[in-house]
Amino acid sequence: MRFRLAGAVLLSVAAYYVYLPLPSGVCEPWKLMLLDAVFRTFMQASDAAHALGLCHRVHLLNHLVSWVEEIEARSCDAVHVTDCKLGGVSTRVFQPKGGEKLKRGVVYFHGGGWALGSGRMRSYDRLCRKMAEDLDAVIMSVDYRLAPDAVFPDQFNDALAASWDFLSLEVLERYGVDPERLCVSGDSAGGNLAAAVAQELSSDESLTVKFKLQALIYPVLQALDFHTPSYQQNQAVPILYRPYMARFWLQYLGGDSSLEPLLLANNHSSLDEVAVDAETRSRLDWTTLLPSERRKDYKPVVKETGSPGLTDELLAALTDVRAAPLLAEQRILGRTPKAYVMTCEFDVLRDDGLMYVRRLQDAGVPVTSDHYEDGFHGCMVFASLPMMSDVGQRSLNNYIQWLDRNL
Ligand SMILES: *[C@@H]1O[C@H](CO)[C@@H](O)[C@H](O)[C@H]1NC(C)=O
């Protein structure tokens with residue numbers, strides 16, 4: 001009797017901890033709640049350690065994640081897996097075995113807010129292995145340096161150096177890759193790096209080999225507006241809560257974490273902020289770039305006057321297209337490769353992606369906009385966790401199918 005009572009109490013406590021009211025329409029809400037409970041536990045443990053001065057929260061988080069998730073490079077029947085350097089950057093390579101013909105090639109950047117994660121994690125290892133096998137393609141999963149040890153533009157520069165090296169005839173030949181069939185891809189912060197690299201390389205006249213495609217999975221593309229309709233609608237939807245995103249941005253751009261409330265108030269892009277000119281504002285003006293069914297009744301949050309405290313360095317980074325690819329000129333966008341952009345309805349970053357779709361289209365780039373009405377941030381990469389969802393599987397299959405048809 002006592003055991004049963006204790007069991008019931010424990011279960012209720014666990015249910016209370018896990019339970020979150022979610023918007024109706026989220027795919028398999030209980031699974032998302034479980035995933036979120038795991039994330040929240042990690043985040044809270046790291047916050048506690050940070051507050052106690054034991055270590056930086058990101059370091060502890062990364063230790064936790066690598067302890068649970070990182071695996072050795074292990075080949076299987078179909079795919080040869082090794083760790084190498086690409087442009088001096090650690091990279092895990094997935095090469096399909098057998099076949100004489102040249103393979104297609106993908107450079108992949110993992111997500112994790114420019115601060116967390118690794119291509120050596122089980123989830124990314126599984127994703128890239130599947131891509132290598134299903135597409136009969138060579139996949140390069142790049143471990144760019146992470147915040148807080150590295151800050152912008154280090155992550156971008158690592159992504160660029162790795163891509164540059166991959167596009168060299170020497171490396172393509174070494175891995176038997178077809179120079180005409182190359183894609184740059186990534187999810188979340190990795191989608192940010194993929195978009196930025198695609199822009200940078202498209203404008204480089206000296207390159208003979210270029211990417212044929214860019215595939216961006218729920219990318220983060222701007223930090224000037226934390227009140228897009230999707231930021232407003234999904235601010236309390238797991239796993240990427242609105243304040244997390246402001247914190248990730250500040251870490252990436254080397255800003256002080258005390259500026260988080262200022263960013264969340266949109267005080268950094270107030271109308272009296274001369275560093276953000278009218279042209280820049282128009283490039284993320286969702287009142288014109290988003291269709292009405294996404295804008296709904298949400299109102300823009302535009303401050304007349306902001307608050308002091310922003311350094312020139314931070315303002316320069318916030319408006320740098322290498323950090324915020326959505327802010328690129330149309331002329332630059334027009335040179336970037338054919339695109340695939342995945343977005344999820346229950347994701348604060350939905351509108352970053354949807355506005356990029358619209359701006360690429362306006363620039364004349366063929367774009368496939370793949371939107372998931374029941375999707376949430378992270379769903380594709382967590383598709384293979386035991387608790388993971390139907391929308392994860394669907395989005396993963398569609399992503400691979402798009403690559404197969406277009407690469
Ligand atoms: C944002 O700016 C307004 C003035 O426009 C100020 O009253 C407010 O305190 C600022 N908020 C933050 C979080 O800095």
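A residue is near a molecule or strand if its C-beta atom, placed from the backbone, lies within 6 Å of it. This structure is a predicted model, in which local features need pLDDT of at least 70 and side-chain atom pairs count only at pLDDT 80 or more, while totals for chains, interfaces and linings use all residues. Residues are numbered from 1 along each chain as its sequence is written.

Begin with the ligand. Select Pro261, Leu262, Ala265, Asn267, Lys303, Thr305, Gly306 and Ser307, which surround the ligand. This shell comprises three nonpolar residues, four polar and one charged (Ala, Val, Leu, Ile, Met, Phe, Trp, Tyr, Cys and Pro count as nonpolar, Asp, Glu, Lys and Arg as charged, and the others, Gly among them, as polar).

Next, select Ser188, which an unreviewed UniProt entry lists under "active site"; such annotations may be inferred rather than shown by experiment. Serine 188 lies in the loop between strand E5 (177–187) and H7 (helices, H or I with at least four residues, and strands, E with at least two, are DSSP runs numbered from the N terminus). Why does serine 188 count as buried? Serine 188 has 29 C-beta neighbours inside 10 Å, and a residue is buried if 20 or more other C-beta atoms lie within 10 Å of its own, exposed if 12 or fewer, and partly exposed in between, with C-beta atoms placed from the backbone.

Now select Ile139 and Val142, the residues with the most contacts inside the largest nonpolar core, which has 114 residues (a set of buried Ala, Val, Leu, Ile, Met, Phe, Trp, Tyr and Cys residues joined through C-beta atoms within 7 Å). Helix H7 (residues 189–202) gives the largest share of this core, eight residues.
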